[in-house]
Amino acid sequence: MRTSLLTLPALLLLSAHLSAEDLDLEQAAKKREAAQRELYAKMKPADEAGFTRLGDPEKGGYLSLVAEAPQTLDDYKNSRPVRPTTERPYIVLQPLWSLDAPKKETLQAMKEYVAACFQLPVRIEETIEFDARDRKLGLTRVITVDRFKKRTEYDAEKILDLLVPRVPSDAAVYFAVTDVELYAGSDNLHGYASLGRRVGVMTFSRLWPRNAAAADAETLRRSLRFVSHEIGHMFGMEHCVFYRCPMNGCKNLAESDTSPLHFCPVCRQKLQWLLEPDEKKRNSALLDFYDKHGLKDEATWIQKRMKGTADERR
Ligand SMILES: [Zn+2]
Ligand SMILES: [Zn+2]
């Protein structure tokens, strides 16, 4: 079925290639509840401070529509996720088809954020212009929006296929950033990433306010949330079902906007296990970033967290 932005509430999934077992909604909910109960019982109040537990799925929200199994820390470790190595430490960001100046600026901010967040070196490559008219590539489809309007959409799956042979030799993960409309199957997407192939893609197209000359704080937040979500996937993280977190699966932009930028205790433990970042250095890099880009709520949040950790050590 073709989804039109104007006539249907398009399902804008934050997607991944999930290898989850085929669960029905009820089974998935039972599994999640059991995993949540077990995890919350073990969590210390200090670890949870500043985070919101995910309760029962909201009616019409992502978890009420998708049979999402929980991925615990142990599940994550057992999945043997993609890991940066000395030879390939980089997160490489790849502009795909030319971005206008405000979006280039946002991409630069995303680079700084990703470096702070994952504590890995990050590089932006020169723009690639795949030939969208090349029928052999079969990259696009044209959707009839209404009697007067058509829209060209790009196949996210095929974009990933084109990226795989191009992954730079020093890249842990290779992530394309574009401004075209993306789809996979019948869904329109903000982002799409592989849990094993080290590639992913996101688009500004549906998160950028129409005709905005520059990214406001909310647009920047969205861009940062999406890039960290998809990079999380490329590092083997599945959707988070424990707290409000950038790794939450979301039905649409409104639902995604309710997730904070900071990774929840579970997702942070996963990243800590995988990347072993210096937590103090990471927090202060994030604070510098939030201050520089006027993200006041996030700056306050991380300051509280830094103070909390310092108090605990005393
Ligand atoms: Zn996702
Ligand atoms: Zn999480």
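## Burial and how the model is read

A residue counts as buried if 20 or more other C-beta atoms, placed from the backbone, lie within 10 Å of its own, as exposed if 12 or fewer do, and as partly exposed in between. This is a predicted model, in which local features need pLDDT of at least 70 and side-chain atom pairs count only at pLDDT 80 or more, while totals for chains, interfaces and linings use all residues. Residues are numbered from 1 along each chain as its sequence is written, and chains are lettered from A and ligands numbered from 1 in the order in which they are written.

## Strand E6 and its two partners

E6 runs parallel to strand E2 (residues 90–95), to which it is joined by six bridges, where two strands pair if DSSP finds at least two bridges between them. E6 also pairs with strand E9 (residues 199–203), again in the parallel sense, over five bridges. Ala 176 takes part in both pairings: it is the bridge partner of Gln 94, and it stands opposite Val 201 in E9.

Tyr 174 also lies in E6 and counts as buried, with 24 C-beta neighbours inside 10 Å. Leaving aside residues up to four places away in sequence, Tyr 174 touches Val 92, Gln 94, Leu 163, Val 167, Pro 168, Arg 198 and Val 199 (contact requires C-beta atoms, placed from the backbone, within 7 Å of each other). Tyr 290, by contrast, is 116 residues from Tyr 174 in sequence and 25 Å from it in space, C-alpha to C-alpha.

## The E4–E5 hairpin

Strand E4 (residues 140–144) and strand E5 (residues 150–155) run antiparallel and are joined by five bridges. The two strands form a hairpin with five residues between them, and within the pairing Ile 143 stands opposite Arg 151 of E5.

## Helices H5 and H10

Helix H5 (residues 101–118) and helix H10 (residues 279–292) pack at an angle of about 160°, with their axes 8 Å apart. The two helices are therefore roughly antiparallel to each other, a term used for angles over 145 degrees, and H5 passes H10 in a left-handed crossing. The contact is made by Glu 112, Tyr 113, Ala 116 and Cys 117 of H5 and by Arg 282, Ala 285, Leu 286 and Phe 289 of H10. By class, the contact has six nonpolar, no polar and two charged residues.

## Helix H9 and positive phi values

In helix H9 (residues 265–275), the buried residues are Pro 265, Val 266, Cys 267, Lys 270 and Leu 271. The elements that cover them include helix H1 (25–42), helix H2 (45–48), helix H4 (73–78) and helix H7 (217–234). H9 is followed by Glu 276, whose phi is positive, near 45°.

Gln 119, a residue other than glycine, also has a positive phi, near 50°. Gln 119 is found in the loop between H5 and strand E3 (122–124), and it is partly exposed, with 17 other C-beta atoms within 10 Å. Arg 198 is not a glycine either, yet has a positive phi of about 70°; Arg 198 is found in the loop between strand E8 (187–193) and E9, and counts as buried, with 21 C-beta neighbours inside 10 Å.

Methods. Axes fitted to C-alpha atoms, helices over the stretch in contact; angles between N-to-C directions. Helix = DSSP H or I, 4+ residues; strand = E, 2+ residues; numbered from the N terminus. Parallel < 35°, antiparallel > 145°, perpendicular 65-115°, else oblique. Left-handed = near helix turned anticlockwise from the far one by under 90°. Contact = placed C-beta atoms within 7 Å. Nonpolar A, V, L, I, M, F, W, Y, C, P; charged D, E, K, R; others polar.
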